[in-house]
Amino acid sequence: MKQEVTYDDAAEVEVIKGHPHGDVTRVAQDPGAPADGMGCHSGAKLEEAARLAGKSEVLDKFKADYPMGPHDKPQSMCPAFGSLRVGLRMKRVATVLSGSACCVYGLTFVSHFYGARRSVGYVPFNSETLVTGKLFEDIRESVHELADPDRYDAIVVTNLCVPTASGVPLRLLPKEINGVRIVGIDVPGFGVPTHAEAKDVLAGAMLNYARAEVEAGPVAAPVGGKSTRPTVALLGEMFPADPMMIGQMLAPMGLAAGPVLPCREWRELYAALDCSVVGAIHPFYVDTVREFKAAGRPVVGSAPVGHDGTAAWLKAIGEAHGVSAKEIAAAQNAVLPAIRGALAATPIKGTITLSGYEGSELLVARLLIESGAEVPYVGTACAKSAWSADDAAWLEAKGVKVTYRASLEDDCAAMEAIQPDLAIGTTPVVQKAKELGVPGLYFTNLISARPLMGVAGAGSLAEVINAAIANKGRMDRMKAFFEDVGHADTAGVWEGAPNLRPDFRAQHQKKLDKQKRAAEAARMI
Ligand code: SF4
């Protein structure tokens, strides 16, 4: 008789054995490893360990779905924040992280900073539980404890960098416990380049699960009931009024706005799969689109932003659904004059550089240009995508330089070269712009969190952008006041001039060069 009392038969499954070199602790001990051992910047080493530990399949999928650009490591916040946020925004979904304590601390801090109202579960580990496989047992135990069907529809377990590199096999977790779905995902910073694409990892995994449920038999109807009209599922987080605006624009074609993915509760996934057309508003949902295509749904890129964008999007959606040219024209005529009027009533004057990692950068740039702004450069941290190809073509036809997978260096170089009236970008770009006396706006908080679609979007950016551009005089005064403070040897508050010792510096540099040469020689042996 079997002696051990277990929750399920996961322990019986044959575990893929990692080569001893797959042991991630070896990475930390490598003399060539960076001082932070296994942090965000040891990507190549962790990837090597993950492949040796049996994670090649998932890493190859990431490589195909999210091709790397000039940079192969996160240049913004930890990518796992994207998938964490998607899970935390869903009702009746529990989230469990498995990763280094410092990563989990950072991720939970940012989650609560952005208003998460749910707890983040954490399964801690040490080097022993990591290499002996006890961590997986601990995760399995925590999932069993958490799986209360009265409280949860699903539990999402996420492997961060170190457990992924160690091959912690989340795929061996039970698919369901007491009716609670278990979704295990790997979201390593060395495989998923941006937090935008990490949203796709979880959204795609959940849609895949829901699709299998739909194929297996009847599923729960949406809380608000089934739409009486065919729907357009919308891919990408957007301002809450945007789906309503889109719904109004679709009505003349006999269509309704369907659920927005990433969604707020599990049964919305079924409603999304039941749509007639998918609008890939944000272009980076590669895995999620794959699931929609497997369900036989046509996918349309871009979004109804500004005059030209709205006209083209309504036409593409109508054609994908087989709507007559007359109905498409009726939908366009119902909204385009109002958009033209709103754009003309709220002009934006000035040169703007724009960069970000949300995936909506190209859409915002279209809106700015139609509002009258000059936008010579748009950088997005996301990869080139078929779903933003029309936006890129439209922008390039207006003389805009569009850079996909733009690095921080690309964005800063563009801003410094152009010296715009306003730099919209990520925190370091805005910081650099302000140092140069150029007004700056943070894309994530101040631009992407505004309505962009239809008539509401047409006038929504002008106020904040014109106010920022008008701040140039204040930026110049601040620049003159703070000039040279915070740079190199003058950083900080000094009573007198800093006591510079270039000879010490040269000596120390020699020592560092020697150490580097010795490490390179040791690696060759
Ligand atoms: S989990 Fe995130 S914060 Fe931690 S090492 Fe990986 S990329 Fe960096």
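Predicted model: local features only at pLDDT ≥ 70, side-chain atom pairs only at ≥ 80, totals over all residues.
Residues are numbered from 1 along each chain as its sequence is written.

**Domains**

The chain splits into domain 1 (10–193), domain 2 (231–339) and domain 3 (346–481), with bounds from an automatic or database domain assignment. Eight residues from domain 1 and seven residues from domain 2 make the contact; contact here requires C-beta atoms, placed from the backbone, within 7 Å. On the side of domain 1 that touches domain 2, there are three nonpolar, no polar and five charged residues. In these classes, Ala, Val, Leu, Ile, Met, Phe, Trp, Tyr, Cys and Pro are nonpolar, Asp, Glu, Lys and Arg are charged, and the others, Gly among them, are polar.

**The sheet**

An open sheet holds four strands in the order β7-β6-β8-β9, with parallel pairing. Pairing takes at least two bridges found by DSSP between two strands; helices (H or I, at least four residues) and strands (E, at least two) are DSSP runs, numbered from the N terminus. Strand β8 (residues 277–279) runs parallel to β9, joined by two bridges, and G279 stands opposite V300 in β9. Helix α13 (residues 306–321) lies across β6 (231–235), β8 and β9, at about 160 degrees to β8. Such angles run from 0 to 180 degrees between N-to-C directions, with axes fitted to C-alpha atoms, for helices over the stretch in contact.

| Helices | Angle | Axes |
|---|---|---|
| α15 (361–370) and α16 (389–397) | about 40 degrees | 10 Å apart |
| α4 (80–88) and α9 (195–216) | roughly 45 degrees | within 6 Å |

α15 and α16 are therefore oblique to each other: angles under 35 degrees count as roughly parallel, over 145 as roughly antiparallel, 65 to 115 as roughly perpendicular and the rest as oblique. Their crossing is left-handed, meaning that the near helix is turned anticlockwise from the far one by less than a right angle, with clockwise being right-handed. L362, L363, A365 and R366 of α15 meet D391, A392, W394 and L395 of α16, giving six nonpolar, no polar and two charged residues.

α4 and α9 are likewise oblique, and they cross in the right-handed sense. Residues in this contact include F81 and V86 of α4 and L202 of α9. By class, it has eight nonpolar, four polar and two charged residues.

Terms used:
Contact = placed C-beta atoms within 7 Å.
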